[in-house]
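Here is a short briefing for a first look. Start with the view below, then read the points by topic.

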Amino acid sequence: MGEVRVRFAPSPTGALHIGGIRTALYNYLLARKLSGTMILRIEDTDQNRFVPGAEEYIRKSLEWVGIKIDEGVGVGGPHAPYRQSERKEIYRQYAQQLIDSGSAYYAFDTEQELEAMRERLKAAGVAIQQYNSITRMEMRNSLTLKPEEVNALIQSGTPFVIRLKIPRKEEVRLNDLIRGWVMVHSSQIDDKVLMKSDGMPTYHLANVVDDYLMKITHVIRGEEWLPSAPLHVLLYKYMGWEKQMPQFAHLPLLLKPDGNGKLSKRDADRLGFPIFPLTWQDPETKEIATGYKEAGYLPEAFINFLAFLGWNPGTTQEIFSIEELTSEFSLERINKAGARFDILKAQWYNQHYLRQKPLEELSEYLHSSLAKENIACSKEKALKIVTVMQDRVTFPQDFWEQGKFFFYPPAAYEEAVVAKKWNADGAKVLAAYRDALESKAAFDASIAKSTLEEVTAALGIGIGKVLQAVRLTITGLGGGPDLMMIMEIIGKNEVIRRIDHALKTLQVKVS
RNA sequence: GGUCUGUUCGUCUAGGGGUUAGGACACCAGAUUUUCAUUCUGGUAACACGGGUUCGAUUCCCGUACAGACUACCA
């Protein structure tokens with residue numbers, strides 16, 4: 001076999017969702033694994049559903065997750081254009097070829113006539129109500145009309161579509177790389193529209209023509225396409241392209257976390273997790289949907305997580321860089337069954353990758369994001385904070401969200417902790433600790449600790465008895481990173497200020 | 001309804017005619033951390049059901065159930 005060529009062919013009808021990204025990823029992994037070419041084709045043949053900005057969104061999303069396009073929209077290539085709306089003439093020619101060879105025909109039926117036909121069949125108790133080898137003979141098309149009539153209709157500008165003439169009885173077989181042999185009888189397939197009355201091709205025609213012309217070797221797409229794959233096989237056959245027909249691999253679907261059905265944006269909204277890679281604002285409704293990127297997911301975590309939703313290496317290794325994925329990936333190890341989506345696993349991956357990040361990078365991140373909020377923070381302080389916080393965070397923003405006490409005194413003291421840990425001994429120690437700290441020239445974590453030890457020893461109070469009260473005083477919380485490090489980071493003066501404040505406001509509670 | 005595709009712990013999955021059915025996430029417990037989290041150790045938990053085939057079936061075959069997709073001049 002020659003060079004491997006795969007394509008990701010989304011339709012620009014809105015934001016690309018997570019399932020689409022996974023499809024793109026599998027295509028990309030196969031291309032890289034086999035030193036092939038990854039093509040991006042935009043399937044914008046439905047003018048009604050076109051959404052401005054969607055194409056750019058697709059490109060940016062792929063870029064964010066690290067999927068590089070070798071050929072296609074945005075990068076060009078030998079088979080340009082890669083936007084189907086710009087290839088209209090090509091499809092028209094091939095549709096004509098099909099008509100000439102007798103594999104397709106013109107149909108002039110109106111929407112009402114089609115509806116009436118379906119109603120009639122339904123009323124008669126016919127199981128399938130479709131335009132097929134039987135019903136087409138009673139419709140208005142170039143099979144039932146005289147050639148002169150057909151010509152007259154076309155000349156007069158009557159809207160028409162071109163339909164594929166599906167044989168009445170033929171066993172259509174295809175060997176799916178994931179599912180094995182799939183057989184469908186042609187009587188189950190309808191005479192699909194190939195060219196719409198607006199002159200645009202439908203997915204079926206455009207897809208087959210482009211895959212052929214662009215020399216695609218593997219069609220990797222979602223399982224929702226499996227039912228129409230036999231139709232595509234027939235198209236290859238009627239075009240005379242059987243030998244060049246790509247191999248098919250239909251991917252299992254992503255299912256909603258709870259209940260039944262496939263994963264949808266509604267589930268994501270309802271359960272509170274992102275469904276899009278990047279934040280997307282619907283140009284119509286203006287509704288904003290937060291993306292994985294903005295929610296704090298690292299692209300490497302996102303990719304690792306996604307790759308494992310339907311694929312596994314067959315070993316117990318679960319952490320894979322994109323490079324490792326490309327070398328281990330294989331179509332054979334893709335599952336058949338749909339995968340239920342679980343955001344908790346994505347969070348675990350994120351936490352893992354975040355911990356692998358170099359401290360310098362994290363502190364740089366913290367420093368710059370604080371600067372954006374106009375919060376003063378030296379680089380040294382940022383580095384200390386991320387050092388002490390790194391193994392407690394899941395998302396980068398947690399450094400700030402769970403570490404506000406590094407910048408502000410507690411706005412309130414956690415009720416439960418006050419009730420349980422604040423006591424007279426604590427207040428007594430704190431008052432003495434405050435004075436002891438004030439008298440010391442130097443200050444850091446170890447001095448903070450030794451001073452506290454001295455004070456508690458002098459008062460004859462166990463340090464464990466009051467430590468939580470000290471923490472409460474400094475952070476307002478019952479848990480957090482090493483207290484002595486927190487004190488070092490905020491500095492002696494701030495520690496004293498917070499103790500004074502706590503003594504003033506919390507004292508009353510013990511009297 | 002019809003066609004097609006599926007079905008191993010709660011979830012993602014490994015495995016495959018004879019296994020203590022393995023791992024990960026989640027959950028629970030213990031240890032460490034004079035806090036919480038981390039970390040470590042341990043634990044609960046699965047072959048949808050019914051028939052075959054077979055010495056033996058979770059694994060192969062057939063049904064049933066359940067689930068999903070498709071059934072447009074949408075992709």
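By class, how many residues of the surface near RNA strand B are nonpolar, polar and charged? That surface has 20 nonpolar, 21 polar and 19 charged residues. Ala, Val, Leu, Ile, Met, Phe, Trp, Tyr, Cys and Pro count as nonpolar, Asp, Glu, Lys and Arg as charged, and the others, Gly among them, as polar.

This is a predicted model: local features need pLDDT of at least 70, side-chain atom pairs count only at pLDDT 80 or more, and totals for chains, interfaces and linings use all residues. Residues are numbered from 1 along each chain as its sequence is written, while chains are lettered from A and ligands numbered from 1 in the order in which they are written.

**Around the RNA**
- RNA strand B is surrounded by 60 residues (near: C-beta atom, placed from the backbone, within 6 Å).
- The closest are Asn260, Ala337, Ile463, Gly464 and Gly479.
- Helix H18 (463-475) gives the most to this surface, five residues (helices are DSSP runs of H or I, at least four residues, and strands of E, at least two, numbered from the N terminus).

**Val219**
- Val219 lies in strand E9 (residues 218-222).
- Val219 counts as buried because it has 23 C-beta neighbours inside 10 Å (the cut-off is 20 or more other C-beta atoms, placed from the backbone).
- Phe248 is 29 residues away in sequence, yet 4.8 Å away in space, C-alpha to C-alpha.

**Strands E4 and E5**
- Ala104 and Tyr106 point one way from strand E4 (residues 104-107), Tyr105 and Ala107 the other way.
- E4 and strand E5 (residues 161-164) run antiparallel, joined by four bridges.
- Tyr105 stands opposite Arg163 in E5.

Note on methods
A residue is buried if 20 or more other C-beta atoms lie within 10 Å of its own, exposed if 12 or fewer, and partly exposed in between; C-beta atoms are placed from the backbone. Two strands pair if DSSP finds at least two bridges between them.
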